[in-house]
Amino acid sequence: MRSPSLTPSFQRPPSRVMIRRASDYRGELASLLFESLREFHLPVRDKIVLLKPNLVGLDPYGFINTHPAVIAAARESFLRLGAARVLIGDGPALDRDTQAILESVRLKDYIGTLAQAFVDLNIDEVQYIALKTRASRLRGLHLPKTVLGADFLVSMPKMKTHHWAGVTLSLKNMFGIVPGSCYGWPKNVLHWAGINQSILDINAAARPDFAIVDGIVGMEGNGPIQGTSKASGVLVLGNDPVAVDSTCCRIMGLAPERVKYLAQAGTLLGHLKLDKIQQLGENIAVVRTPFTVLDAFSGLSV
Amino acid sequence: MDAASESNLVESVCLPFFLRAQNADGGWGFLPGSPSRSESTCWALLGLMHGSAGTGSQASHRGLAFLRASQLPDGSWPATPDEKIGCWVTSLATLTLLGFAPESPEVAAALQWICKDWPADSAPWRRFLARFSSQRDVAPINNAYRGWGWTPATSSWVEPTSFALLALGCAPASLLPSQAIQRRQLGEALLYDRMCPGGGWNCGNPNVYGVAGEPLAGPTVWALLALQGQKNRQENRSSLAWLEASANDMKAATSAALARICLQAYDRPLPAKSLRLGPLLQASDYSLNAQSVALSCIALGEQQLSFLPSPMTELRRA
């Protein structure tokens, strides 16, 4: 069962984050991702890999959810890297009809049959986990066994601003592992326990081993579902979700240390500071694409 | 797929699914082979009840025994067997039991619990504090209306409120606690307050930062079923119109089955070329879970829909 060790960030080795350009979803994403992932020497051979995309709602225009082309490319890449199985799992937060969301993003067209590949985390078997951290008022959570049983967990969010949390990237994306069949649609107990604090507790309980952010087309303004599309033309990936998210913030023209949960995550869950992140691929300054934020978060912009 | 073969889905897909997926303890998980839970057992029982198996099958009896044994001492049902606190599933379990044994003590205890389950966000002191919050205009809703949450002591949402209203509305008047009328009035008012501009419901956010929320099939159908007593209200009519207009875009079994159930309950004709459940249920077996199959059973089954809330006026007379 997954039980990530919590290491203070000052004791962690530097993290590695790679930025790759991808102008659209039609190109050779699979080979691009495969070549990129190979540089991380990930321990996935003969392992069960779980990809956790951000599938939050019906998405006729394709800028709310992680694009299926990116999900499919990641799946193919991990299989090529020797993974025994690559599952895709999410528990949409607002709409109980997961099949409707999958149909709206046409995941089947990219993956093929979903029966053996997709897990609806909202109705998965669950196990109660006492939380290791006390950032929120939560003492424990029921979490899906598919998540707890995965050998290698990959958070795959869309690059978006968020009207309650500032940004939603690989850490916030982990809200989707909390099962709706236990906590509802939306997962309101997390809001009551504090959104920023819950993000920390969930990630301390099930920290992703890797993150791949779909920033080819993201969302700015009133995200995560009512904002406007914003093309950054990048994929951001790395072995530390905090470092990946802070790099995304810098690309988005936002200061990661001003995002409440990210600043706190930088003390226990990974690296926030530039000098602790080995930047690979494109330079941040070259791909920087400022995102607009709601007035309530204007202080995040740099 | 024509109407005849559609109705055959109950016999060929739905009932075999439930018989195959029933666990040794009598309950059902959401998926075949997964441990029994109260909610999925309710869906299976409702599916069997509305399908041709009726209420008298052996599978139903065993399922009913599991459901009764899962009730907590305070009358509620938890989301998981190891949980000791009840939740919205109590309303669904009540609605289920009403179809089998409406006058049972389990139902009476559950109704008591439902009426005592107040959301915390609309408590008077919270409403007072909310007046001074900088966030008060972000998602403008009337907190004087109080419904039900997914979990106790949180916020009101459309679907759990609808389920609670259906449970209270379908229960025999003799079993209803004294607060039932007040709770129904507040709950119905909350649903109308949370309706999206133009009709339909989402989880309960009709407007955030000045942007109108988009309705969804599930919450819209459950709200409309809970508000059947006011079929001619403009809000009901516009929400029904949204549902009908959205039918062509429904590509999933759960939403399509729900839409059919609702249109039938409101005596509306089904669209000729959409909401066909056969292709949706058979195209991808990942879509088969206790809820989607049960809703398909209800939509296609021979039994009349059992969720018909009694008018509030009758309740007052009683």
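## Basis of the description

The model is predicted, so local features need pLDDT of at least 70 and side-chain atom pairs count only at pLDDT 80 or more, while totals for chains, interfaces and linings use all residues. Residues are numbered from 1 along each chain as its sequence is written, and chains are lettered from A, with ligands numbered from 1, in the order in which they are written.

## Chain B as a whole

Chain B has 14 helices and two strands. Helices (H or I, at least four residues) and strands (E, at least two) are DSSP runs, numbered from the N terminus. The radius of gyration of chain B is 19 Å, close to the 20 Å that the globule rule gives for 318 residues, so chain B is as compact as a globular protein of that length. The radius is taken over C-alpha atoms, and the rule is 2.2 Å times the number of residues to the power 0.38. The C-alpha trace of chain B spans about 55 × 45 × 40 Å along its principal axes.

Of the 318 residues in chain B, 51% are buried. A residue is buried if 20 or more other C-beta atoms lie within 10 Å of its own, exposed if 12 or fewer, and partly exposed in between, with C-beta atoms placed from the backbone. Two residues are in contact if their C-beta atoms, placed from the backbone, lie within 7 Å. Among contacts in chain B between residues at least 6 apart in sequence, 67% join residues at least 24 apart.

## Where the chains meet

Chain A gives 28 residues to the contact and chain B gives 34. On the side of chain A that touches chain B, the elements giving two or more residues are α3 (98-105), β5 (126-130), α6 (180-183) and α7 (188-192). That side of chain A has 15 nonpolar, eight polar and five charged residues. Here Ala, Val, Leu, Ile, Met, Phe, Trp, Tyr, Cys and Pro count as nonpolar, Asp, Glu, Lys and Arg as charged, and the others, Gly among them, as polar.

## The nonpolar core

A nonpolar core is a set of buried Ala, Val, Leu, Ile, Met, Phe, Trp, Tyr and Cys residues joined through C-beta atoms within 7 Å. The largest has 190 residues, of which A:V49, A:A74, A:V154, B:V221 and B:A259 touch the most other members. Leaving aside neighbours within four places in sequence, the contacts of A:V49 include A:F78, A:V86 and A:V154.

A:A74 lies in helix α2 (residues 68-80) of chain A. A:A74 is buried, with 28 other C-beta atoms within 10 Å. Beyond four places in sequence, A:A74 is in contact with A:L33, A:L51, A:V154, A:M156 and A:I212. A:A74 and A:I212 are 138 residues apart in sequence but 8.5 Å apart in space, C-alpha to C-alpha.

In strand β10 (residues 210-220) of chain A, 10 of the 11 residues are buried, so the strand is largely enclosed by the rest of the structure. Two strands pair if DSSP finds at least two bridges between them. Two bridges join β10(A) to the parallel strand β7 (residues 152-156), where A:S155 stands opposite A:A211. Nine bridges join β10(A) to the antiparallel strand β11 (residues 228-238), and A:V213 has A:V236 as its bridge partner there.

Helix α9 (residues 241-251) of chain A is mostly covered, with 11 of its 11 residues buried. A:G253, which follows α9(A), has a positive phi, near 75°.
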